[in-house]
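Trainee: Can you walk me through this one? I have it open now.

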Amino acid sequence: MKTEKAVAAKAEQLHKNDAGYKSNGNVHFLLYLVGLIIGVFAIRAFIFEPIRVDGESMWNTLRDNERCIAEKVSYWFTEPKQGDIVIVHYRFSISSCLSSRMPAAFM
């Protein structure tokens, strides 16, 4: 037991004196953080996106200020069907989008 503690103490002392060990740990942490941020943005851009309902145009289904999650993957493989709720982003506004029920006329 004493030898394990002595070896661990000696290893800690060596790491404290090694500037490369500290900077290597910082680089690994920054790479992990950058990867995490890219992953979060990729999930939001391609898989699902949180949205907030603004307005009462779809009052029977969605309430004003209701928070929802828009799932994006299913429409990679199938077309929207009649009755599906679709979200259309405005072309000239980043923060605005329109949610509407898919009418039969677009089928």
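Mentor: We'll take the fold, then the salt bridges.
Mentor: This is a predicted model, where local features need pLDDT of at least 70, side-chain atom pairs count only at pLDDT 80 or more, and totals for chains, interfaces and linings use all residues. Residues are numbered from 1 along each chain as its sequence is written, and side-chain values use heavy atoms, leaving out hydrogens and water.

Trainee: Okay. How many helices and strands are in the chain?
Mentor: Two helices and four strands. Helices (H or I, at least four residues) and strands (E, at least two) are DSSP runs, numbered from the N terminus.

Trainee: In what order do the elements run?
Mentor: From the N terminus, α-α-β-β-β-β.

Trainee: New topic. How many salt bridges does the structure hold?
Mentor: Two. A salt bridge is a side-chain nitrogen of Lys or Arg within 4 Å of a carboxyl oxygen of Asp or Glu.

Trainee: Which residue pairs with Arg44?
Mentor: Glu49 does, with the closest N and O atoms 3.9 Å apart. Glu49 also bridges to Lys72, at 3.1 Å between the closest N and O atoms.

Trainee: Where do Glu49 and Lys72 lie?
Mentor: Glu49 is in strand 1, and Lys72 is in the loop between strand 2 and strand 3, so the pair ties together parts 23 residues apart in sequence. Shared partners join Arg44, Glu49 and Lys72 into one network.

Trainee: Is Glu49 buried or exposed?
Mentor: Buried, at 14% relative accessibility. Buried means under 20% relative accessible area, exposed over 50%, partly exposed in between (1.4 Å probe, protein chains only). Arg44 is partly exposed at 42%, and Lys72 is partly exposed at 23%.
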